[in-house]
Amino acid sequence: MITDKLKSKKTNAIFIASIVTIFIFITLNSLVFYYKYINATTFSVKDYDQRIDMRLHIVMDELVKSGYDIDVFKEKTAQINIINSLYLFKKDAKNELDLIYTNDRQQSLGKDSIFSRYGCSGLRNHSFVSKYYDREILPENKVKVCLFYGVGDYVIGIRQFLPHTITNIKDPEFKEWFIKNMVPTFFLSSIGCALFIVFVIWGLNRYFDLRAEYIKNKVSLKRNLRYVKNQLYVDPMTKLANKSKLMDYLSEIKDPKVIIIDIDDFGRMNDYYGKEVCDNILICMANLIKEFANEVSMKAFCIGADQFVLAENEEMDMSRYEEIAEAITGRFKGRVIEVKDPKTEKMLEIEVHTTIGFALETEDTLMKATTALKMAKQNKKDYAAYFKNLTQKGEYAEQIERSNMIRQAMVSKNIVPFYQPIFNANGEILKYESLVRIVSSDEIFSPHIFLDTSKRIKRYAELQKMVISQNINRLEENEKLILSINLSGRDMLDGDVSSWLLELLNKHRVADRIVFELVEDENLDSVERVENFIAKVKNMGAKIAIDDFGSGYSNFAYILKMRPDYIKIDGSLIKNIDINHDSYMITRAIVSFARDLGIKTIAEFVHSKDIFDICKELGVDEFQGFYLGVPTGNIQ
């Protein structure tokens, strides 16, 4: 369609250019004709023949008066000075003409003088019984006149170039004048016009070819970007919309209702049957849940390795969602799924159980549905619904236990950073990522154990300050060290933490060896305030990385706003890149996108040599994972 439009436009452009060129050609030739015609036109009788004849007779009289004395004749004609091109011939014994005098300085004396050079070629064979007369109209409104008379043994005459005039287009000489004056102009302008048209056609062809190529590339780029965006919102395993798509959907609707379906004991199932078998189970479950979603007019999502969501925008109807939960339980409780065992090639019958949590409130609906799911699992129920007064002593007791652990760790200074190396393609360590840990006498706790609790008990800011202070000390001790430090939206928007951090960087002058990794959380919605903080630390020399790109809030528009130095590709894409084609394609698209913007990429979760080699092949710049190096309390 686009090609046909361009062809039509090109044809029209060539036609218009040709018409314009022909118009210019006609106009220019008309102007030239008008100019020459005006200069050549006279309303008086043309008398140049009479004037030349009169002048020649005056000279002839002088020749006779001088008694044919050539020297005297020269003096007389020099005094008269009425003819510039005077020629005097004398006939020899053979009756041939020999030039004995001329006032034309460019002409030599002798025989064969002006017969061919000046166009008076008929003079040689003329008998001179009568006068010799020859006239030729020349270009540029000129006429050449040759007039010779025989006087005894002498032939005297003149050849002169005079202005040529005509009276009007009915003048007998108009046709000859037109041929001499306009044909050369018409010929040259025709050649120029033809060359110009050829050049214009070539130029237009070239322009529209480039235009077609540009449009083709633009369409292809849009198609590829659309594909990548779609892939970022689709779970590569189940082909259902992912958590990012769910978050967007929930933010757009007025009355969100969410049902979470969790496969029970999926981790143990994965350990027993293996990853390939469990992947097939997930695909079967996804198809069944999608089919069920269509039946109840809800949207299906996959938000984790073993969790699915049904969501819709509807008013409160408790009985409807209890019926849906019971229907899901009835359909999936003890559901036997047949999958093929890749090792034995036999069909396995695996019984799958699910637990359901749903929330009907309009605010934080997904989080509340997750809470309901936890409650159902803890109470060994098939499903549970979230209510405002939904609490449990066991959950609160766990929070108290973790709160005490955080408080004791702060007092005893057991909150420390661990460091995981980040490598280049040659296996050389470039920098380290700082990862917070709580170290006790017999155990090391990862942040997922205590970080959320620290936020609930309002100890998070203090904890973050302790870790960052230790990292700054490390940088001062080792001038070659480069550290990557995690920052959440909460850190950048908390006036206490952000101002403290800026003051610390300004004091110790180590910002140029720090990469701040922006960790996804709900506060990243306040993009303008986050951008202000990023601008300040960048001015100090710090670099910015976007963590877990390819999941959550991460999107291309966010990258274009933040303009980071690094993109850390989410581990959920990297860990399956050797067996999942969609993960491979999405990672390749992210690397290409980042490279075009001059942004370096870092692959997380590199847990095998195969994954390391594939990431290098795709052009990933830096690598991090247990295959290369585990987090430790020491820096190598």
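Me: How are H12 and H14 oriented to each other?
Reply: This is a predicted model. Helix H12 (residues 460–477) and helix H14 (residues 495–508) pack at an angle of about 10 degrees. Angles under 35 degrees count as roughly parallel. H12 and H14 are therefore roughly parallel to each other.

Me: How far apart are the axes of H12 and H14?
Reply: Two packed helices are described by an angle and by the distance between their axes. For H12 and H14, the axes are 11 Å apart.

Me: Which kinds of residues make up the contact of H12 with H14?
Reply: From H12 come residues including Ile 468, Ser 469 and Glu 476. They meet residues of H14, among them Trp 500, Leu 504 and His 508. The residues of this contact divide into eight nonpolar, two polar and three charged.

Me: Which are the edge strands of the open sheet?
Reply: Five strands form the sheet, in the order S2-S1-S5-S4-S3, with antiparallel pairing. An edge strand pairs on one side only. The edge strands are S2 (97–102) and S3 (132–138).

Me: What is the bridge partner of Leu 88 in S2?
Reply: Strand S1 (residues 86–91) and S2 run antiparallel. Five bridges join them. In S2, the partner of Leu 88 is Tyr 101.

Me: What angle does the direction of helix H3 make with that of S2?
Reply: Helix H3 (residues 70–80) packs on the sheet. H3 touches S1, S2 and strand S5 (154–163). Its direction and that of S2 make an angle of about 50 degrees.

Notes. Residues are numbered from 1 along each chain as its sequence is written. This is a predicted model: local features need pLDDT of at least 70, side-chain atom pairs count only at pLDDT 80 or more; totals for chains, interfaces and linings use all residues. Side-chain values use heavy atoms; hydrogens and water are left out. Axes are lines fitted to C-alpha atoms, for helices over the stretch in contact, and angles run from 0 to 180 degrees between N-to-C directions. Helices (H or I, at least four residues) and strands (E, at least two) are DSSP runs, numbered from the N terminus. Angles under 35 degrees count as roughly parallel, over 145 as roughly antiparallel, 65 to 115 as roughly perpendicular and the rest as oblique. Contact means heavy atoms within 4.5 Å. Ala, Val, Leu, Ile, Met, Phe, Trp, Tyr, Cys and Pro count as nonpolar, Asp, Glu, Lys and Arg as charged, and the others, Gly among them, as polar. Two strands pair if DSSP finds at least two bridges between them.
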